[in-house]
Amino acid sequence: GYRSPQEDGMMAQINAIPDAQSKEVYKTAFKALSADRKAVAQGDVGRTIGFVLLAVALVFLYLRKLLKPTVAGGILAALVFLDLITVDNQYLNKDSYQEKSEYDGKTVVSPELLPTQANLDIQKDKSVYRVFDAREAKVVNGQQRRFDPYSDAALAYHHNIVNGYHAAKLSLYMDLIQNQLSKGNPQTFNMLNAKYFVVNAANGQDSMVVNPNAMGPAWFAKGVKFVPDARSEMNALDSLNVADSAVVQTQFKAQVGPYQWDSSATIKVTNYDNDLIEYAVNAPKPQFAVLSEVYYDRGWLAFADGKSVPIVKTNYALRGISLPAGTKQLTLRFEPQSYLLGRKITWAAAALMLLLLAFGAVLAWRRKGGEKGQG
């Protein structure tokens, strides 16, 4: 029936609806869905059978010596390419791309993504910051609806945001949402560099509020408090003044080297990409830097003036790094070893395949030359 067991259960509930008209609407929708699935499945089966028959015919002509190996190989490669490109085109085609001009903030696919005056005002700031969507209501299709700041990601179209929706949030960050952000802890917003808040204004429009206490993308801690476990670390955030102190679990104490806070020391972002973040540092004395980036130990590496330094889980969800005295540059690179190893294996396999093809071509050429010599 081209329906899942769950849909069969839903159909049983539909059949129990007393209103015949409503029942027919639901049943028509399910029938149309099944018909579409059937058409797709049968189309794919027919297409597969067609390619199989063409391949069989190709092999038959080759075995009957009606096609040369190079010609048969070329046709087979063309069939493989045609098979792949037609399937790929269903998922990634010209409709998947849009001209940049269509997303210039004026003409977008969804009216929901059109910038408000608050968005335009915030975008005048060219520094590195985040925005928290604190609206309680939102206008959708001309109607005002109650707004959940953790189930809507439209604001991410315009800004780096603190909240928003993602189907697979890091458990670390989800803990922070449930235990700190949901309570409105201002210090947590500060350490996440939430420089702007978007709120509902009295005139029905969106408005922005500046948070003057946002800590920025990085700063030096005056002191580090050590706690025994993750729960203690989370609880410490309830009263932590992030401008003065950082909190670290005892298990990472060895990675927090000696530091001496210096009011004249500075750290500033100079490059901010998805997989590469660079900071200019002026630190005559050793410092403990807190970075407003979510801690993730599955690929991020840190280098102080080119030398590897450990990234310390700090303030439950952020990154901390001990910088030696005299450090001038801090670099963070996302280089997951699993990806790098996989890429090396892929290149090695590709190189091996090319060498085998070249070796086979040389053998075929020599054999052909030998047959001509004997003739």
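A residue is called buried here when its relative accessible area is under 20%. With that in hand, let's walk through this predicted model, starting at helix H5, which spans residues 171-179. Four of its residues, Leu172, Tyr173, Leu176 and Ile177, are buried. Look down the axis of H5 and you will find these buried residues within an arc of 140°, so they line one face of the helix. The spacing makes sense, because an α-helix has 3.6 residues a turn and residues three or four places apart point the same way. What lies over that face? The cover on the buried residues of H5 includes helices H6 (186-191) and H7 (230-236), along with strands S11 and S14 (312-314).

Tyr173 also leads us to the largest pocket, where Tyr173 is among the residues nearest the centre, together with Arg130, Ile161, Glu293 and Val294. This pocket holds about 950 Å³ of space, and 27 residues line it. Two elements each give two or more residues to that lining: strand S11 (287-294) and strand S15 (318-323). S11 gives the most, with three residues. By class, the lining comprises 15 nonpolar, seven polar and five charged residues.

In soluble globular proteins, nonpolar side chains tend to be buried together. Here the largest nonpolar core has 54 residues, and those touching the most other members are Ile267, Tyr279, Phe288, Leu291, Ile321, Leu330 and Leu332. Apart from that core lies another, of seven residues, including Val131, Leu155, Ile161 and Val198.

Methods: Residues numbered from 1 in each chain as written. Predicted model: local features only at pLDDT ≥ 70, side-chain atom pairs only at ≥ 80, totals over all residues. Heavy atoms only, no water. 1 Å grid on protein atoms, 1.4 Å probe; cavity = no way out; pocket = protein on both sides within 12 Å on 5 of 7 lines; lining within 4 Å. Points joined across faces, edges and corners; volume = space filled by probe spheres on them. Nonpolar A, V, L, I, M, F, W, Y, C, P; charged D, E, K, R; others polar. Buried < 20%, exposed > 50% of the residue type's maximum accessible area, 1.4 Å probe, protein only. Arc of directions from axis to C-beta. Contact = heavy atoms within 4.5 Å. Core = buried A, V, L, I, M, F, W, Y, C linked by side-chain atoms within 4.5 Å.
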